[in-house]
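Subject: Structure handover

Hi,

Here is the structure for you to look over. My notes on it follow below.

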Amino acid sequence: RDVTADTVSHDVRMSDGPFFARMNAMAVVGMSARGKALDESARAELAGEIATASLDVVKRYTRDGVLTFPLTTNVVTARL
């Protein structure tokens, strides 16, 4: 009962877009089944390849040296 659902949205801003792409790629690779099967060196190489392939997208969302993109989620609360 008393269920509410809200959509929360805001812009995320990163001063170093390529660094963000690299860290995000490392996280995704580290959590993936393929990444878990690789040694540390191979994981780093794969993350680097993904980050490099992402640079065009990073540039597209970068203005005045700041990577900016929207982040949206739904927050639902209820009482028993």
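Strands here are DSSP runs of E with at least two residues, helices are runs of H or I with at least four, and both are numbered from the N terminus. Two strands count as paired if DSSP finds at least two bridges between them.

Before the rest, the ground rules. This is a predicted model, where local features need pLDDT of at least 70, side-chain atom pairs count only at pLDDT 80 or more, and totals for chains, interfaces and linings use all residues. Residues are numbered from 1 along each chain as its sequence is written, and side-chain values use heavy atoms, with hydrogens and water left out.

The sheet

S1 and S3 pair in the antiparallel sense over 11 bridges. Arg13 stands opposite Thr68 in S3. S2 pairs with S3 as well, antiparallel, over two bridges. There, Thr62 stands opposite Leu67 in S3. Together this gives an open sheet of three strands in the order S1-S3-S2, with antiparallel pairing. Strand S1 (4-14) and strand S2 (62-63) are the edge strands, each pairing on one side only. In a regular strand, side chains alternate between the two faces of the sheet.

S2 and S3 form a hairpin with two residues between them. Asp64 sits in that turn and has a positive phi of about 55 degrees, although it is not a glycine. Most residues other than glycine have a negative phi. Asp64 is exposed, at 81% relative accessible area. The cut-offs, with a 1.4 Å probe and protein chains only: buried is under 20% relative accessible area, exposed is over 50%, and partly exposed is in between.

Asp2 also has a positive phi, about 50 degrees, and is not a glycine. Asp2 is found in the segment before S1. Its relative accessible area is 45%, so Asp2 is partly exposed.

The chain as a whole

The protein chain has four helices and three strands. From the N terminus on, the elements run β-α-α-α-α-β-β. The radius of gyration is 17 Å, well over the 12 Å that the globule rule gives for 80 residues, so the chain is more spread out than a compact globule. That radius is taken over C-alpha atoms, and the rule is 2.2 Å times the number of residues to the power 0.38. Along its principal axes the C-alpha trace spans about 50 × 40 × 15 Å. Of the 80 residues, 15% count as buried.

Leu46 is buried, with a relative accessible area of 16%. Leu46 lies in helix H3 (residues 40-53). Leu46 and Thr62 are 16 residues apart in sequence, and 24 Å apart in space, C-alpha to C-alpha.

The largest pocket

The largest pocket holds about 180 Å³ of space. The search runs on a 1 Å grid over the protein atoms alone: a cavity is a set of points where a 1.4 Å probe fits but cannot get out, while a pocket is an open set with protein on both sides within 12 Å along at least five of seven lines. Lining residues have an atom within 4 Å of a point. Grid points are joined across faces, edges and corners, and the volume is the space filled by probe spheres set on the points.

Which elements line it? Helix H1 (17-31), helix H4 (55-60) and strand S3 (66-77) each supply at least two residues. H1 gives the most, with five residues. Among the lining residues are Phe20, Asn24, Ile50, Ser54, Tyr61 and Phe69. The lining divides into 10 nonpolar, two polar and no charged residues. Nonpolar means Ala, Val, Leu, Ile, Met, Phe, Trp, Tyr, Cys and Pro; charged means Asp, Glu, Lys and Arg; the others, Gly among them, are polar.

The aromatic pair

Rings of Phe, Tyr and Trp (its six-membered ring) pair if their centres lie within 6.5 Å; planes under 30 degrees apart are stacked, over 60 edge-to-face, and the rest tilted. By this rule the count comes to one aromatic pair. Phe20 and Phe69 form it, tilted, at 5.5 Å centre to centre and 35 degrees between the planes. Phe20 lies in helix H1 and Phe69 in strand S3, so the pair ties together parts that are 49 residues apart in sequence. Phe20 counts as partly exposed, at 25% relative accessibility.

Best wishes
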